[in-house]
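Have the model open as you read.

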Amino acid sequence: MPNYRRAFVAGGCWFFTVNLLDRRRTLLTDHIQALRDATKWTHDRFPFQIDAWVVLPDHLHAIWTLPPDDADFSIRWRMIKTRFARSIPAGEPLTAVRLARGEPGVWQRRFWEHLIRDEGDCARHIEYCYINPMKHGLVCRVCDWPYSSFHRDVRAGIFAEDWAGEMEISGNFGERQ
């Protein structure tokens, strides 16, 4: 098994990308309430601050700050992924390895994380989260994507509702106007 190097920083701020196993599926937005419930259940047991979050049909990006005495983001993702997978109807294809391990075929096994270095790094990653639905051609404006903490930040006065402007949708990717 590979020995992944991860920085474990108690109280750290992290950017994550978490993907479905089958990137052609739309389980995350189709079952958004199940994802919200899994996140709340996990948050109630293993607290963390959600600095930004965007859910796309096949993947999500999140920025979390952990409590000052805690560096274990992996248990949180394991709980969210497990609870979500158990809550949706069965039907995903399983490989022989996943069957042998009793793993559902919903998520990619791992996730990508990046330790946020400073305020500028945090701002760039928050903006990346919020622009992602536009980048993937899902909406013309950031404010049109419903599955994002962008709306919370607009209400708090952190972002303007028209932040990032508007794109014309053409095919799978948008073009800036």
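Is Asp-144 buried, partly exposed or exposed? At 36% relative accessibility, Asp-144 comes out as partly exposed, where buried means under 20% relative accessible area, exposed over 50% and partly exposed in between (1.4 Å probe, protein chains only). Before going on: this is a predicted model, so local features need pLDDT of at least 70 and side-chain atom pairs pLDDT 80 or more, while totals for chains, interfaces and linings use all residues. Residues are numbered from 1 along each chain as its sequence is written, and side-chain values use heavy atoms, with hydrogens and water left out.

**Salt bridges**

Asp-144 has a partner: its side chain meets that of Arg-141 in a salt bridge. The term covers a side-chain nitrogen of Lys or Arg within 4 Å of a carboxyl oxygen of Asp or Glu, and the count comes to 8. Here are some of them.

| Pair | N to O distance |
|---|---|
| Arg-76 and Asp-70 | 2.5 Å |
| Arg-141 and Asp-144 | 2.8 Å |
| Asp-153 and Arg-152 | 3.1 Å |

Arg-76 is buried at 0%, and Asp-70 is buried too, at 18%. Arg-141 is partly exposed at 34%. Asp-153 is buried at 6%, whereas Arg-152 is partly exposed at 31%. Separately, Arg-117, Asp-121 and Arg-124 are linked in a salt-bridge network.

**Aromatic rings**

There are 21 aromatic pairs; rings of Phe, Tyr and Trp (its six-membered ring) pair if their centres lie within 6.5 Å, with planes under 30 degrees apart called stacked, over 60 edge-to-face and the rest tilted. Trp-53 and Trp-77 make a tilted pair, 5.8 Å centre to centre with 45° between the planes. Trp-53 sits in strand β2 (residues 49–55) and Trp-77 in helix α3 (residues 73–87), 24 residues apart; helices (H or I, at least four residues) and strands (E, at least two) are DSSP runs, numbered from the N terminus. Both Trp-53 and Trp-77 are buried.

Phe-73 and Phe-111 are edge-to-face, because their ring centres are 6.0 Å apart and their planes are at 75°. Phe-73 is buried at 0%, and Phe-111 at 13%. One aromatic cluster includes Trp-53, Trp-77, Phe-73 and Phe-111.

**A pocket**

Trp-53 turns up again among the residues nearest the centre of the second largest pocket, along with Arg-36, Ile-50, Val-55 and Ser-149. A pocket here is an open set of points on a 1 Å grid over the protein atoms alone, where a 1.4 Å probe fits, with protein on both sides within 12 Å along at least five of seven lines; lining residues have an atom within 4 Å of a point. The lining has 13 residues, and α2 gives the most, with 5.
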